Structures are given as structure tokens and as C-alpha cells.
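This briefing goes through selected features of one protein structure, topic by topic. Keep the sequence and the 3D view at hand while reading.

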Amino acid sequence: MLKNICGRHIKSNVCGTSVRKRVISIEISLFAHATEAPEKIERAFQNLLPSNRVEEVVLRKRTLKGEYGNPIIYYKAKITKPEITEAVLRKIGHNLSQYEKELLDRELKRRLEKGSLYLRLDKQAAYLGKYKLCNADPIHLRIRFRTSKIDSIRDICKELGMLP
């Protein structure tokens, strides 16, 4: 537990506001293509969540058709419970390699738009319980913050272990 400049115990070292009050939501979306097993895609999604909170997060799915008529399943979840959003972000921070954290730190400004941080995580790695930034066929995350100030968002991400 930290103390702020007034000597009060706080959960955060940024302006005395806990992480839970500074993150609005996390939106997660991903696709299962015709060549992928839907249960493996769902496992990749579940591996992003704290194991004790998986049942609390609803994963909605919609079947779409690809360019050649092939079936594609679109998955989407929105997490708004503050204790789950914090736990997910801490889990990501704990599991990203030092290299991935440094890469995210360098790319932070490019990944931010109007108070939202956009991440793309490797779907195959997530299935194996690992976390890796990627661009091709990823798990999309949109992390919405109550602020749009890059320095504040950087501090929150550092506190969560997502940045070095």
C-alpha cells in the first residue's frame, strides 16, 4: 500500500486515484476463420482473463461470411467491472516480455486515440497462455481510460506492469 503526499494510504501512486477508477472498460474482439477451431479461439480469449473471473465475462459471437462464402465467427466481449479490468491489465503486464513492454512504450502514442489504447495480441500465443504484440490475425483490445493525456495513461500502464 502506498501513501500519497497527504499521508493517506492509496492503491495508486498517480493522483491518489486507484487504477480501477481510471480505466473505464476493455473491449476484446477476435475472429475464428473457417480453418480455425472455435474452441481454440475461445480458449485464447479465456487465457487473457483471470482464471477465477472467466465465468463473469460474456463472450458474444456472430457468424459472418467471408469473401468466398466461408464462415467466419466474430467474437466480442466488453469488460466494465473495475476489478476485472484491473486484473486483466495486470495479467497482460505480468505476461508481456520486457521486449514487448519496451516496444509498447515506444509505440504508445501511435496506439492511443481519444483516451483509448489499442493493442493487438497474437492469437496463437494467447492460446498457449503467452502474450505477444502482433499485427496479423490478432486479438484486438481497446482499453478505455478516463483521461486522454498520454502521460497519465503511460503512468497507469507502468503501474499495471504493462510498460517498463
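**Salt bridges**

Lys-123 and Glu-36 are both buried. The model is a predicted one, and it holds 12 salt bridges. The points below begin with some of these bridges, then turn to strands, an aromatic pair and a helix.

*Lys-123 and Glu-36*

- A salt bridge joins Lys-123 to Glu-36, with 3.1 Å between the closest N and O atoms.
- Glu-36 has a relative accessible area of 17%, and buried means under 20%, so Glu-36 counts as buried.
- The two side chains, of Glu-36 and Lys-123, also make a polar contact of 3.1 Å.
- Leaving aside neighbours within four places in sequence, Glu-36 is in contact with Phe-31, Ile-41, Lys-123, Gln-124 and Asp-137.

*Glu-27 and Arg-142*

- The side chains of Glu-27 and Arg-142 form a salt bridge of 3.6 Å, N to O.
- Glu-27 is in strand S3 and Arg-142 is in strand S8, so this pair ties together parts that are 115 residues apart in sequence.
- Glu-27 counts as buried, at 17% relative accessibility, whereas Arg-142 counts as partly exposed, at 27%.

*Glu-107 and Arg-111*

- Glu-107 forms a salt bridge with Arg-111, and their closest N and O atoms are 2.8 Å apart.
- Both residues are in helix H4 (residues 98-111); because they are four residues apart there, about one helical turn separates Glu-107 from Arg-111.
- Glu-107 and Arg-111 are both buried.

*A network*

- Salt bridges link Arg-53, Glu-56, Lys-81 and Glu-83 in a network.

- Ser-116 is part of strand S7.
- Is Ser-116 buried or exposed? Its relative accessible area is 1%, so Ser-116 is buried.
- Not counting residues up to four places away in sequence, Ser-116 touches Arg-111, Arg-142, Ile-143 and Arg-144.
- With one of these residues, Arg-142, the side chain of Ser-116 makes a polar contact of 3.0 Å.
- Arg-142 also takes part in the salt bridge with Glu-27.
- Ser-116 and Ile-24 are 92 residues apart along the chain, and 9.6 Å separates their C-alpha atoms.

- S3 and S5 run antiparallel and are joined by seven bridges.
- Leu-64 stands opposite Ile-72 in S5.
- The hairpin of S4 and S5 has five residues between the strands, and in this hairpin Gly-69 takes a positive phi near 85°.

**An aromatic pair**

- How many aromatic pairs does a search of the whole structure find? The search finds one.
- The pair is formed by Phe-31 and Tyr-74, and it is tilted, with 5.1 Å centre to centre and 45° between the planes.
- Phe-31 is in strand S3 and Tyr-74 in strand S5 (residues 71-79), so the pair links distant parts of the chain, 43 residues apart.
- With a relative accessible area of 27%, Phe-31 is partly exposed.
- Phe-31 is also one of the residues in contact with Glu-36.

**Helix H6**

- Which residues of helix H6 (residues 150-159) are buried? They are Ile-153, Ile-156, Cys-157 and Glu-159.
- These residues cover an arc of only 160° around the axis, which means that they are on the same side of H6.
- The elements that cover them include helix H1 (19-22) and helix H3 (82-95).
- Several strands are also included: strand S3 (23-32), strand S6 (112-113), strand S7 (116-122) and strand S8 (138-145).
- Just after H6, Gly-161 takes a positive phi of about 85°.

Methods. Residues numbered from 1 in each chain as written. Predicted model: local features only at pLDDT ≥ 70, side-chain atom pairs only at ≥ 80, totals over all residues. Heavy atoms only, no water. Buried < 20%, exposed > 50% of the residue type's maximum accessible area, 1.4 Å probe, protein only. Helix = DSSP H or I, 4+ residues; strand = E, 2+ residues; numbered from the N terminus. Arc of directions from axis to C-beta. Contact = heavy atoms within 4.5 Å. Phe/Tyr/Trp six-rings, centres within 6.5 Å; stacked < 30°, edge-to-face > 60°. Pairing = 2+ DSSP bridges. Polar contact = N/O pair within 3.5 Å; in protein donor to acceptor, adjacent residues only side chain to side chain. Salt bridge = Lys/Arg side-chain N within 4 Å of Asp/Glu carboxyl O.
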